[in-house]
Amino acid sequence: MKSPPETPLLDKVRIPADLRGLPESDLPQLAAELRNELIDAVSQTGGHLGAGLGVVELTVALHYVFDTPGDRVIWDVGHQAYPHKILTGRRDRIRTLRQEGGLSGFTKRAESEYDPFGAAHSSTSISAGLGMAVARDLKGGRNNVIAVIGDGAMSAGMAYEAMNNAGALDARLIVILNDNDMSIAPPAGAMSAYLARLASGSTYQGIRDIGKKLTSYLGKRADRAITRAVEHARGYVTGGTLFEEMGFFHIGPIDGHNLEHLVPVLKNVRDNGEGPVLIHVVTQKGKGYAPAEAAADKYHGVNKFDVISGAQAKAPANAPSYTKVFAESLIQEAREDERIVAVTAAMPSGTGLDLFGEAFPSRIFDVGIAEQHAVTFAAGLATEGMRPFAAIYSTFLQRAYDQVVHDVAIQKLPVRFPIDRAGFVGADGPTHCGAFDVTYLASLPGFVVMAAADEAELRHMVRTAVEYDEGPIAFRYPRGNGVGVEMPARGSSLEIGKGRIIKEGTKVALLSLGTRLQDCLLAAEELDAAGLSTTVADARFAKPLDTDLVRRLAREHEVLITVEEASIGGFASHVLHFLAHAGLLDTGLKVRPLILPDEFTDHAKPEKMYADAGLDHAGIVRAVFQTLGRAVSAVSA
């Protein structure tokens with residue numbers, strides 16, 4: 001008679017306290033089960049897979065060694081936090097990832113006590129961890145603070161600012177550098193692991209402290225010289241000189257997939273020493289899933305996929321994506337103008353600039369996760385007569401706002417800003433929502449701000465930006481596919497600050513900025529059918545505003561509705577400012593702005609998010625009837 005199958009270890013682990021009750025010899029099996037669970041879950045939801053696969057063993061080791069949630073584990077960016085979510089009481093909801101009402105695709109304080117800091121933008125973990133460590137010390141606490149940061153995130157200046165501060169404060173902080181791409185120094189098998197255990201142990205630490213006390217008697221100058229000589233010598237063996245110079249005690253590199261190496265080192269660091277420590281862990285992105293390991297991007301972000309083959313579900317092939325239209329239009333213009341160069345902050349494929357790089361490999365510059373540098377670098381290019389396009393997501397451009405103001409706008413430099421992911425972005429939620437760029441750019445003197453209504457307009461705006469040399473210019477467009485309009489062979493340069501009338505009417509005017517134009521046209525059909533003759537206009541420019549167009553719409557209509565995929569303070573504010581100063585609000589005109597809600601909206605399907613915000617065609621129709629004081633039920637079906 002066959003014995004019943006053993007209960008999977010993962011079924012016994014609801015929270016990390018359960019994990020800590022397992023014998024250490026069970027951890028490799030638990031890691032294997034966790035990896036399989038992760039693959040199966042993400043195959044059903046889509047999301048960030050490769051990064052999570054790469055930290056399965058590290059996640060198990062961290063929750064096994066440290067007393068979470070009392071000990072704080074901060075995951076930088078959050079792409080790699082899915083295994084962490086499974087182990088911290090959220091396994092039963094892991095298949096709701098990035099779905100409406102489900103788990104966030106990133107760490108989120110409101111979601112779990114095991115998420116001490118919310119993250120979705122890169123390079124914040126060390127700064128946040130240092131703040132927690134200092135707060136702990138001020139309160140007399142003894143808990144550990146661990147920041148896990150990837151090697152890509154270490155290209156951002158913020159990470160080094162935090163490390164410099166941590167070293168100066170000599171704060172007790174543990175930083176784990178997850179090196180999964182370009183190793184600072186390759187691990188050397190068993191010898192490397194042995195050196196890491198030795199350096200993290202109490203014997204080495206004790207000898208190190210005694211040595212410091214002895215050399216202190218020789219005077220500060222001799223002490224500093226001897227200390228630096230020792231650390232430089234150790235740095236040649238372990239690769240830690242840079243971090244040692246910043247005040248961190250460096251351990252590694254060690255194999256991040258070998259729990260027999262990871263657990264002893266983490267225990268030693270937990271139990272010994274003071275001051276900031278950096279553990280250099282080498283992992284493989286996509287580890288343990290053959291299709292991910294073979295893919296160029298290691299399955300960084302995936303759609304739903306078949307677990308056996310790895311084949312991802314594809315979006316319906318209809319209109320091209322806005323991102324691709326931008327890339328192809330820029331390539332077309334660059335063939336005619338050798339001054340055009342492209343700048344990306346570690347997002348070549350996300351912005352479409354990987355295609356530009358294939359066509360012009362010497363004219364694309366990936367500066368890493370360093371948006372501030374990207375903007376000022378582009379400003380420098382512009383001073384020398386180049387025509388730089390700094391393609392950055394709306395939400396990431398926020399990180400470089402001082403550079404946009406100081407280094408670009410004040411100097412009136414013609415840097416071009418293609419702004420991808422404008423408006424709602426669906427599953428990536430509030431951290432990636434492009435809500436604020438119209439507001440924060442159109443407030444700057446001399447800045448030209450455009451928004452494409454469709455993919456053909458985007459092509460025109462690329463050409464317009466190429467030919468505009470008077471100062472900075474930006475054009476925004478959403479994530480996803482266009483609407484299937486007929487495309488021009490090449491874009492035409494638009495007249496700066498001029499919109500267009502799409503449909504003529506007499507009673508209601510809908511003034512759209514961006515891709516809500518299609519919903520405005522649908523709304524106009526319903527309004528016409530209800531006896532409300534409707535004009536539809538495409539503003540094209542938030543700044544400079546087409547005041548002639550706005551004046552005409554205000555004078556010739558009873559109702560003026562502005563519609564935009566942007567926050568309060570954006571396009572509508574500029575329209576209302578003009579109407580007020582032109583005395584056009586005193587004529588009985590009824591004006592209503594439709595904007596993104598004044599909140600950070602949780603993830604859902606974009607069409608649902610726009611409907612909830614009242615920015616779909618039904619919401620626009622409702623706004624018109626409410627403005628006229630008529631019952632919404634009067635709207636025709």
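This is a short walk through the model, stop by stop, with something to select at each one.

The structure is a predicted model, in which local features need pLDDT of at least 70, side-chain atom pairs count only at pLDDT 80 or more, and totals for chains, interfaces and linings use all residues. Residues are numbered from 1 along each chain as its sequence is written, and side-chain values use heavy atoms, with hydrogens and water left out.

**Stop 1**

Select residues 82-90, which form helix H5. Helices (H or I, at least four residues) and strands (E, at least two) are DSSP runs, numbered from the N terminus. Eight of the nine residues of H5 are buried, where buried means under 20% relative accessible area, exposed over 50% and partly exposed in between (1.4 Å probe, protein chains only). Among the buried ones are Tyr82, Ile86 and Arg90. Now show what covers them: the cover includes helices H1 (16-19), H2 (27-45), H3 (50-54) and H4 (56-65), along with strand E1 (72-75).

Next, pick Val77 in the loop between E1 and H5. Val77 is not a glycine, yet its phi is positive, at about 65 degrees. With 12% relative accessibility, Val77 counts as buried. Then move to Ser123, in the loop between H5 and H6. Ser123 has a positive phi too, near 75 degrees, and is buried at a relative accessible area of 1%.

While you are here, click on Pro69 in the loop between H4 and E1. The peptide bond joining Thr68 and Pro69 is cis, with omega about 5 degrees.

**Stop 1: two helix pairs**

Axes are lines fitted to C-alpha atoms, for helices over the stretch in contact, and angles run from 0 to 180 degrees between N-to-C directions. Contact means heavy atoms within 4.5 Å; the residues making it include Leu130 and Val134 of H6 and Ala162 and Ala166 of H7.

Then jump to H16 (residues 371-383) and H18 (residues 401-409), whose axes come within 9 Å and cross at roughly 10 degrees. H16 is therefore roughly parallel to H18. Display Gln372, Val375, Thr376 and Ala379 of H16 with Gln403, Val404, Asp407 and Val408 of H18, which make the contact.

**Stop 2: strand E4**

Select residues 249-255, strand E4, where six of seven residues are buried. E4 pairs with E5 (residues 277-282) in the parallel sense over five bridges; two strands pair if DSSP finds at least two bridges between them. Phe249 stands opposite Val277 in E5. Look also at Pro253, within E4: the bond from Gly252 to Pro253 is cis, with omega near 5 degrees.

**Stop 3: a five-stranded sheet**

Finish at the open sheet with the order E13-E15-E14-E17-E18 and mixed pairing. E13 (500-503) and E18 (590-594) stand at the edges with a single partner strand each, so one side of each has no neighbour in the sheet. Inside, E14 (residues 508-513) and E15 (residues 534-538) pair in the parallel sense over five bridges, and Ser512 has Asp538 of E15 as its bridge partner.

Key:
Parallel < 35°, antiparallel > 145°, perpendicular 65-115°, else oblique.
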